[in-house]
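Please look at the sequence and the model first.

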Amino acid sequence: MPAALREFAYWMTRYRHNWRASAVISFLNPILFLLGLGLGLGTLVDATGHPPDSSYLAFVAPGLLAASAMQTAFLELSYPVYRALRMGNSYRIAAGTPLEPGNILTGHLLYVVVRLATTSATFLAAMAIIGATHTISSLWTVPAAVLTGLAFATPAAAMAVSVQRGTSLNLVFRFVIFPLYMLSGTFFPVSQLPAWLRDIAYASPLWQGVDLCRTLSLGTATTTGTLTHVGYLAALTVAGTVAAWYCYRRQLHA
């Protein structure tokens, strides 16, 4: 682990140069976005009585939290990994030291965990300020969002360290990440989708994260549902980590 901490320190040092701007954006963006949904679209949705058990703002906010974690994880462990290997060569340089590929992967993942935790906590604070959550169980949405992000981060690392062109990452964002953002229950219940698309949405890791964060935020979480979501996301994280470890070893020992 001490070796991995050296790689972690490298990424934290890079982040230190722009953390103030990032912190402001991480706090203001959720507030402005949630206010727009709550005071604009939310007013129209609430007038229809859907969703029946909460305001639209309280419904959509935890979904956006999970989706934000997915997006943060992908952006932090796709393009940066690709550039670190193919362009800036920081991975190659680190591999020329006593650091093992596994240390490099672990250090970068630790950095992403910190980023996910801070951005998710900031998002939750924004939710609390504008009244989008009222239950003490909403505090659990932060680790839930981190786990959701990791379920995307580890496969993203495995892919990014293996691709030869950055355009491949653009295609994944356009045809995987963005559709998941729109069709995994973030903005409306998955039950409103056509049956064939509904089954796909239920199987997506983002829906698992959205439903986990939403039930925790609304105080409707059940033990069975929570364990199912956590188990699904944890299994995907572990599988992604194993795949990433193999890909890092293959690329950095080549």
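Ala3, Ala4, Leu5, Glu7, Phe8, Trp11, Met12 and Tyr15 of H1 touch Asn103, Ile104, Thr106, Gly107, His108, Leu110, Tyr111, Val114 and Arg115 of H6, where contact means heavy atoms within 4.5 Å. Sorted by class, this contact of H1 with H6 has 11 nonpolar, 4 polar and 2 charged residues. Nonpolar covers Ala, Val, Leu, Ile, Met, Phe, Trp, Tyr, Cys and Pro, charged covers Asp, Glu, Lys and Arg, and the others, Gly among them, are polar.

The model is predicted: local features need pLDDT of at least 70, side-chain atom pairs count only at pLDDT 80 or more, and totals for chains, interfaces and linings use all residues. Residues are numbered from 1 along each chain as its sequence is written, and side-chain values use heavy atoms, with hydrogens and water left out.

Q: Why are H1 and H6 called oblique to each other?
A: Helix H1 (residues 2–16) and helix H6 (residues 101–129) pack at about 45°, with axes 7 Å apart. Angles under 35 degrees count as roughly parallel, over 145 as roughly antiparallel, 65 to 115 as roughly perpendicular, and the rest as oblique. H1 and H6 are therefore oblique.

Q: What makes H3 and H8 roughly antiparallel?
A: The axes of helix H3 (residues 56–76) and helix H8 (residues 167–183) cross at roughly 170° and come within 11 Å. H3 and H8 are therefore roughly antiparallel to each other. By class, their contact has 11 nonpolar, 1 polar and no charged residues.

Q: Why does asparagine 89 count as partly exposed?
A: Buried means under 20% relative accessible area, exposed over 50%, and partly exposed in between (1.4 Å probe, protein chains only). Asparagine 89 has 34% relative accessibility, so it counts as partly exposed. Asparagine 89 lies in the loop between helix H4 (79–86) and helix H5 (90–95), and has a positive phi of about 65° although it is not a glycine.

Q: What makes a set of residues a nonpolar core?
A: Such a core consists of buried Ala, Val, Leu, Ile, Met, Phe, Trp, Tyr and Cys residues joined through side-chain atoms within 4.5 Å. The largest one here has 70 residues, and those with the most contacts inside it include Leu34 and Met127. Another core, of 5 residues, lies apart from it, with Val190 and Trp207 among them.

Q: How many helices and strands does the protein chain have?
A: The protein chain has 11 helices and 0 strands; helices (H or I, at least four residues) and strands (E, at least two) are DSSP runs, numbered from the N terminus.

Technical notes: Axes are lines fitted to C-alpha atoms, for helices over the stretch in contact, and angles run from 0 to 180 degrees between N-to-C directions.
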